[in-house]
Amino acid sequence: MIDWDRLDLIVFDLDGTLYDQPPVRRRMAVMLAGEVIRSRSTAVPRMLGAYRRRREALAEAMAQDFAREQYCLPGCDPGAVRAVVSEWMEQRPLPLLRRFRVEGAGRLFARLSASHKVAVHSDYRVEAKLAALGLSTRYAVAAEDVGRLKPDPAGLRWLMAMAGADPSRTLMIGDRDDRDGEAARRAGVRALIRGRDFRHYNDPVFGHAA
Ligand SMILES: [Mg+2]
């Protein structure tokens, strides 16, 4: 059980935590297949696959200069990688997100915002996706803002400093124990992991929130 009255700051991850990723990924795969047919080239999906693997490796390595390194793929111009990532991972998924928002998220955000400080902490840019989801928070931090990918706790620590919140009065809500859960452990913060501890925001664990 979570004693919500003893918490000041609630930090949500975004992808997979505030919306369901599999149906968005399936629709993006269909769009990518169309791009392969149109361009008669598999360059874009190959580049996106390599970029995702590179980000995972940089997160594992706790790389300090990941913001520049993430776009450095073998045989690719970093500017071209950045443009493809922006189009296919940041812009094109936006219209899909609202439909797959996790059940109960809107009501929980409204309730928590009245009684707690609510924040989003993602390894990707937050603002456009959060707006597309129809949600807003007092604080938002992306990995590039703090120069570190999760599970580095830098983003979580930055949010606690901004909110003036102690680790014991902070809760991290994410979907990956090896990223969100581990960042929370390193910061001395308790975590709830979607898929393990709850499935949606009408779950009983949120029943006494706010
Ligand atoms: Mg996630």
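In what order do the strands of the open sheet stand?

First, the ground rules. This is a predicted model, where local features need pLDDT of at least 70, side-chain atom pairs count only at pLDDT 80 or more, and totals for chains, interfaces and linings use all residues. Residue numbers start from 1 along each chain, as its sequence is written.

Now the sheet. The order is β3-β2-β1-β4-β5, 5 strands, with parallel pairing. Strands here are DSSP E runs of at least two residues, helices are H or I runs of at least four, and both are numbered from the N terminus. Two strands pair if DSSP finds at least two bridges between them. In general, strands of a sheet pair through backbone hydrogen bonds, either parallel or antiparallel.

Look at the edges. β3 (139–142) and β5 (190–193) each have a single partner strand, so one side of each is left without a neighbour in the sheet. On average, neighbouring strands are turned by 20° against each other, direction ignored.

Next, strand β2. β1 (residues 9–12) and β2 (residues 117–122) run parallel, joined by 4 bridges. Leu 9 stands opposite Lys 117 in β2. Ile 10 has Val 118 of β2 as its bridge partner. β2 also pairs with β3, in the parallel sense, over 4 bridges. There, His 121 stands opposite Val 141 of β3.

Is β2 buried or exposed? Of its 6 residues, 6 are buried, so β2 is largely enclosed by the rest of the structure. Buried means 20 or more other C-beta atoms within 10 Å of the residue's own; exposed means 12 or fewer, and partly exposed is in between, with C-beta atoms placed from the backbone. In a regular strand, side chains alternate between the two faces of the sheet. In β2 both faces are covered. One side has Lys 117, Ala 119 and His 121; the other has Val 118, Val 120 and Ser 122.

On to β5. Helix α10 (residues 177–187) lies across β4 (170–174) and β5, at about 160° to β5. Axes are lines fitted to C-alpha atoms, for helices over the stretch in contact, and angles run from 0 to 180 degrees between N-to-C directions.

In the segment after β5 we find Arg 194. Arg 194 is buried, with 22 other C-beta atoms within 10 Å. Which residues does Arg 194 contact, leaving aside its neighbours within four places in sequence? They are Gly 16, Thr 17, Gly 174, Asp 175 and Arg 199. Contact means C-beta atoms, placed from the backbone, within 7 Å. Arg 194 and Thr 17 are 177 residues apart in sequence, yet 6.5 Å apart in space, C-alpha to C-alpha.

Now the helices. α2 (residues 43–60) and α4 (residues 78–91) pack at about 95°, axes 10 Å apart. They are therefore roughly perpendicular, a label for 65 to 115 degrees; under 35 is roughly parallel, over 145 roughly antiparallel, and the rest oblique. α2 brings Val 44, Met 47, Leu 48 and Tyr 51. α4 brings Val 81, Val 84, Val 85, Trp 88 and Met 89.

Last, domains. Domain 1 is 4–19 + 101–206, and domain 2 is 23–96. Those bounds come from an automatic or database domain assignment.

Terms used: Two residues are in contact if their C-beta atoms, placed from the backbone, lie within 7 Å.
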